[in-house]
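Please open the structure in your viewer and keep the sequence panel at hand.

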Amino acid sequence: MSKELIRLKDVTMTFDDVTVLKDINIYFNDQEFLTLLGPSGCGKTTMLRIIGGFQTPTSGDVFFDGVRINDVPPYRRQVNTVFQKYALFPHLNVYENVAFGLRIPREVTGDNGKTEKVKLSREEIDSRVREMLEVVSLKGFENRSIASLSGGQQQRVAIARALVNRPKVLLLDEPLGALDMRLRKDMQQELKRIQQQMGITFINVTHDQEEALAMSDTVVVMNEGVIQQIGTPEDIYNEPKNAFVADFIGESNIVDGIMRADRVVEIFNRRFACLDGGFAKDEPVDVVIRPEDVDIVSETEGQLRGTVTSVTFKGVHYDTIVDFYGFKWLIQTTDYCPAGSRIGIRIDPDGFHVMKKSKYSGLYGDYSSYSEEYDEINDPTLLDVEEEGAGDEE
Amino acid sequence: MGKNRFGSRFLIGLCFLFLYLPILLLIFFSFNAGDSSAVWKGFSLHWYRELFHNRLVIESLATTLLVSLLATAIATAAGTFAAIGIYSLRKKWRDPVLVVNDLPMMNADIVTGVSLLLLFVAFFRGWGAIAAWLNSWQSLITFPTRLTLGLGTLLIAHVSFDIPYVILNVAPRLRQMDANLVEAAQDLGCTWIQAFFKVILPEIKPGIVSGALIAFTMSVDDFVISYFTAGSATQTLSMTIYGMTKKRVTPVVNAVSTLIFLAVLIILIINNIREARQAKLASKRASFEPVRENPRAERFRAWLSTPRGKLMRRAAAAVLCVVFVSTTVFLTAFTTSRPVVNVCSWGEYIDEDLIDEFEAKTGIRVNYQTTDSNETLYSLLSNGGADYDVVVPSDYMISQLIEEGMLEELDYSQIPNFEKIDSRFKNLPYDPENKYTVPYTWGTVGIIYNETMVDGEIDSWSALYDGEYAGQVLLINNSRDALGIALMYLGYSVNTTDEGQIREAYELIEDAARRGMFQGKVMDEVFQTMEGGNAAIATYYAGDYLSMLENNENLRFVVPKEGSNWFVDAMCVLKDAPNYDNAMKWINFIASTESNLRNMDYIWYASPNKEALEIYPAWYEEQYGEELDPEIYEIMAAPQEVLDRCEMYVCLPKATRKLYNDLWIKLGI
């Protein structure tokens, strides 16, 4: 599981003076399900395209199994891609789409060091195509035209078309972006199942943090061409490295604080017990408090007191926005507090997560402008991302 | 509301009527048994039969098809790759390039035509030196030093104006194409070129096909650009039709236009059906909405991907290729294989059977072209783009051409029939030593009038200028004749160089014009107008009058008492004619008594062949079993006393020609 397969060393990518990737150093292990997560324009797709061979880094090297592959064209890489809108061939039926890669003669270097073109026999192609259609549960769809398939079925064809070539790595570029909510959830399971069944590396690109947390073994959070954090989904959620990660993964209230001592953090001029340590005395820090870690109590019992400014029913809980000294927090609780009421809150020591100051400090975590509408506008899945040119990032 | 809707429907109906009525009329009258485009005389396919026996039409149709097919093939390939190239540019560049691509389509055809002509002529001039240098330098290949406009330049021109249409049709398909398709193919193991054939090509095929169809129709349709770039030896169908309408819109024109209209209509319908189907598919595809395919189509699709289906598909493609190649080869052979002679004459100025006979006898192909006046001919020649061998200008133009060194001396040893030319027509002032010319026809200019529209007989040019027939007079649309007639009426010489006299003549015309005497300025349109009884008086040539008389027996002709112009049209050969010896053969053939008799009978212009002129009445009687009306014979071959009243044009000095030209432009009726 932990054999290193791909490594990017000091990879930098610039388009027209815009730096899309900055000194990226990362490796990908064999048989791992890894997700590149970040907002639009963070460089995640570019990284995928560099691995796929569609782009050559401006500087730095790409290694595959220890061999530098910067100049190896896509058709010679043991990597296949599932494209954003699947890029199925509309003029071919399902069977032919899947068989496409198998019908291209491949250059194979034999034991004697000679390279020759090898064409698969019709029987072999047929058995591999049918096998793969079974894996993606599309048996019986062989002669259907692409136009007659639903989005989810097209997605499966795209996966089958890529996997039938038995790549060592499957690249998935926002594979679920074009599907509706329910289908997306189903496909998450399905992808995970296929990955385990095939036993190969999946590198998935997404801006959907839920999807990333649900499917991945490893999540790579990126922003502005820089890797912010690499870790398991739990690490990323529970121990975000900076304000950006904390904000991007889940909901977070991020406030300025000062480490008064190990396990003592001060916010709003009040000291709280926490579990973090190892900071200098009186070091300014960012403090993350997840909305679900806050308990609402009566005003008198609270460690902090504030006024509820809005309440939204979310099914399991209420999204409650509370104003503390002009800073607005999001609190997720099953208790209903009407807007305008004064409340107090309590936070357990494990509810605080203290981070070092970073360039993202002060940018996130205040819910002053929070609204349903706002949330929706900023949902990247709803944006019709206009792809521009082959070279430009998203 | 209801009323409103009725109103708008009515307007739409009116619009369509306005658009299609002319075409419907044209189609209707193409089936007319009579030869009028106004009077229905019963249904007949006569004009279609005539059409397919008209060698000019068939030949130019072959040229048109050949050029269109080749141009379409080349432009489609070039345009497709260009579109792919443009598409792979960055957006910053792509859009401006597409705008640049649109420009030639918006550009006036005439500008495109003229600029291509200029380019070709400039290139040909430069090429002479390059070819000479290349030939002196090596002896492996001998490069021709003299290039002329022809099929090659026509093809280049068509390719160049077809390409933008292909790009225009292919580019949107590329834009619609998922940008990742090519990458997907590469990802699956294709090199770029494999991806092109396996993915891009099938994806943009509909665009390529409609681009090719539109390019083809554009090529078939084109007149203006072809007119400038085809040179003299080549003529497309639209150029032939244009030539035919110069004289009189015969129902043959209706028939050929009907066929063209139907052909283009069919191509457009096919294209539209295809595009509609594609658009439906594309919209479904974009919305990820499953398309219910009809089971027959699905079964067919499945069959196509079986080995058998694939074989059939390849076979069909191979058959198409073979058909295309063999059509091209056949058309090429048909249009270019034989030795040729290029002749430029006037419209309806020869019995076309003579051309066939000459070809059958000598194996030399005759490229027979027409133009409508000496002045047009002159500008064609001085442009340098024309490569005629034989031209048939009139007397005064001949002396101008000789003066400017544009004519080649004839080898009379190859023209024994020159002997038979009446000595009256030899050594005339325009060619005093008779080194350059063999006369073709001669005749007089006179007044043609409709006796039912005027009182009594007309015998003076005054009828053109007096108030009596205001709005009923057709002014001849050429400065030399119009001013010459006025000079004659005023009692001056038609060849005067006295500016005062010429201005006086001009004022006479201008004054008459101001008083509304003239219905319009016409050349060959005179046929239609006079035959249809739409004007009372015109001035034109005796021979043409006799042609009109066949269609309207109320017309009369007179050489007015003040005198008139008599003219000789003669065959000459241009300097550096590419087919000099063939030209000699042609001139000798036309100068024969037999040819002269036939021409005289067909075009009603008098022959300069002494024998032919003398025996014509007898020959006529033998042919038609009835006597030739001596009055007609006299109009055709004016007796000496009439000729004595007439004066021949001589070439005017340059300053006078400029004066003529300036005054004529100033008149601007």
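Select strand E1 (residues 340-346) of chain B together with strand E2 (residues 365-371) of chain B: the two pair in the parallel sense over 7 bridges. Strands (E, at least two residues) and helices (H or I, at least four) are DSSP runs numbered from the N terminus, and two strands pair if DSSP finds at least two bridges between them. This is a predicted model, in which local features need pLDDT of at least 70, side-chain atom pairs count only at pLDDT 80 or more, and totals for chains, interfaces and linings use all residues. Residues are numbered from 1 along each chain as its sequence is written, while chains are lettered from A and ligands numbered from 1 in the order in which they are written.

Next, select Ser345(B); its bridge partner in E2(B) is Thr370(B).

Now select strand E3 (residues 390-391) of chain B, which runs parallel to E1(B) and is joined to it by 2 bridges. Here Val390(B) in E3(B) stands opposite Val343(B).

Return to E1(B). Why is this strand largely enclosed by the rest of the structure? The reason is that 6 of its 7 residues are buried, that is, 20 or more other C-beta atoms, placed from the backbone, lie within 10 Å of a residue's own.

Finally, select the whole of chain B: 39% of its 669 residues are buried, and its secondary structure comprises 27 helices and 10 strands.

Note on methods. A residue is buried if 20 or more other C-beta atoms lie within 10 Å of its own, exposed if 12 or fewer, and partly exposed in between; C-beta atoms are placed from the backbone.
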